[in-house]
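Trainee: Please take a close look at one part of this model with me, the pocket lining. After that, I would like to follow it into its surroundings.

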Amino acid sequence: MNIILKTENLSKRYGAIQALDGLSLSIPRGSVYGILGPNGSGKTTALGIILGAIRANSGSWSWFGDEPGPEHLRKVGSLLEKPNFLPYLTGERNLKIVADIRGTGYDSIEPALVKTGIYDRRKSNFHTYSLGMKQRLGLAAALLGDPEVLVLDEPTNGLDPQGIYDVRQLIMDEARCGRTVILASHILDEVEKVCTHVAVLSKGKLLAQGTTAELLKSADVIEIAADNLDKLQSVLEKNTLVKKIVRNGNILELTVDPATPMERITEPVARAGLSATHLLRRATKLESRFLDLIKGDN
Ligand SMILES: Nc1ncnc2c1ncn2[C@@H]1O[C@H](COP(=O)(O)OP(=O)(O)O)[C@@H](O)[C@H]1O
Ligand SMILES: [Mg+2]
């Protein structure tokens with residue numbers, strides 16, 4: 001059983017707002033699966049549904065290959081947007097309450113406090129915690145009971161750069177121990193650094209899904225021009241290394257893999273009797289790939 005979570009056509013509407021629109025995801029065991037999308041794209045709604053906190057209007061999902069039920073959710077630790085703890089109890093006491101509710105016992109409390117870096121402040125009341133410490137306590141709560149799957153909604157929210165770094169390391173460590181992590185984030189850089197797989201969401205719709213390497217792989221753009229632009233274009237269209245051709249005035253912009261040697265582009269052009277009057281190569285940023293994907297949906 002290699003798919004931990006599968007959703008089929010999940011949809012959710014709030015009045016006039018289609019928060020989720022036919023979302024189908026397959027999350028492999030052992031992956032760090034990023035759900036990447038701008039604010040309002042439906043990430044929190046999707047996580048709320050699979051955790052049983054929000055009712056979908058239509059669609060279905062399965063955990064561990066089964067109809068979802070409470071026995072599955074016991075194997076899932078989660079951190080949703082705002083961790084809810086009791087302000088006048090200590091961090092440790094709050095975790096005990098969570099452990100009681102989830103029936104996990106207290107053994108995993110200390111390791112969770114240590115991993116998330118709040119062990120030293122475990123005896124302080126929750127209301128005295130900084131935003132970052134509150135977020136860390138939320139993560140510690142998600143780790144209680146050694147869950148097979150962690151579901152984290154924007155886990156680095158409110159953290160300073162050190163905290164962001166620590167949380168990303170923690171996620172990668174947990175994944176190395178074999179835990180599957182489902183991570184919603186609007187931060188491209190975070191998903192790129194941490195996730196093995198990514199689903200790109202915009203306005204409740206899935207735009208793309210795959211491994212991070214495939215989807216967010218950077219590309220090079222080669223600008224090329226020649227006197228006979230039509231002939232140049234037809235030569236380049238036959239070159240399988242050229243992924244995309246965009247005509248920009250008198251210049252063709254070719255998208256190629258960064259590993260593509262320049263000669264593999266220019267030699268067939270020369271052989272066709274054309275000489276390039278303009279030739280320039282530049283790298284595109286991941287950011288622009290992501291923005292391209294999202295823009296296509298508008
Ligand atoms: N309880 C709610 N009532 C009305 N609209 C909501 C509610 N929750 C979310 N929405 C709307 O649904 C859309 C998706 O929201 P959300 O799932 O929170 O997106 P994300 O987590 O990607 O920022 C947004 O337009 C949001 O305003
Ligand atoms: Mg959200």
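Mentor: Happy to! Let's begin with the elements that supply at least two residues each to the lining of the largest pocket: α2 (70-73), β5 (76-79), α3 (91-102) and α5 (131-143). Keep in mind that this is a predicted model, where local features need pLDDT of at least 70 and side-chain atom pairs count only at pLDDT 80 or more, while totals for chains, interfaces and linings use all residues; side-chain values use heavy atoms, with hydrogens and water left out. Residues are numbered from 1 along each chain as its sequence is written, and chains are lettered from A and ligands numbered from 1 in the order in which they are written.

Helices (H or I, at least four residues) and strands (E, at least two) are DSSP runs, numbered from the N terminus. A pocket is an open set of points, on a 1 Å grid over the protein atoms alone, with protein on both sides within 12 Å along at least five of seven lines, and its lining residues have an atom within 4 Å of a point. A volume is the space filled by probe spheres set on the points, which are joined across faces, edges and corners.

The volume of the largest pocket is about 620 Å³. Its lining has 23 residues, and those closest to the centre are S78, N84, V98, R102 and A141. Helix α3 gives the largest share, five residues. By class, there are 15 nonpolar, five polar and three charged residues in this lining; here Ala, Val, Leu, Ile, Met, Phe, Trp, Tyr, Cys and Pro count as nonpolar, Asp, Glu, Lys and Arg as charged, and the others, Gly among them, as polar.

One residue of α3 deserves a stop: N94. N94 counts as buried because its relative accessibility is 2%, where buried means under 20% relative accessible area, exposed over 50% and partly exposed in between (1.4 Å probe, protein chains only). Neighbours within four places in sequence aside, N94 is in contact (heavy atoms within 4.5 Å) with F85, L86, L89, F126 and L137.

L137 takes us into the largest nonpolar core, where L95, L137, L152 and I171 touch the most other members of a set of 40 residues. Such a core is a set of buried Ala, Val, Leu, Ile, Met, Phe, Trp, Tyr and Cys residues joined through side-chain atoms within 4.5 Å. The largest share of this core, seven residues, comes from α5. Another core lies apart from it, with 23 residues, including L23, Y33, I50 and A199. In soluble globular proteins, nonpolar side chains tend to be buried together.

The largest cavity holds about 30 Å³ of space, and its lining has seven nonpolar, no polar and one charged residues.

E174 sits in helix α6 (residues 161-176). With a relative accessible area of 2%, E174 is buried. Beyond four places in sequence, E174 touches K115, L143, L150 and R179.

Finally, compare the second largest pocket, with about 240 Å³ of space. Among its 16 lining residues, K43, T44, T45, E81 and D153 lie nearest its centre. Three of the residues in this lining are nonpolar, nine polar and four charged. Helix α1 (residues 43-50) gives the most, four residues. Seven of the eight residues of α1 are buried, so this helix is largely enclosed by the rest of the structure. The buried ones are K43, T45, A46, L47, G48, I49 and I50. Just after α1, G52 has a positive phi of about 75°.

How values were computed
1 Å grid on protein atoms, 1.4 Å probe; cavity = no way out; pocket = protein on both sides within 12 Å on 5 of 7 lines; lining within 4 Å.
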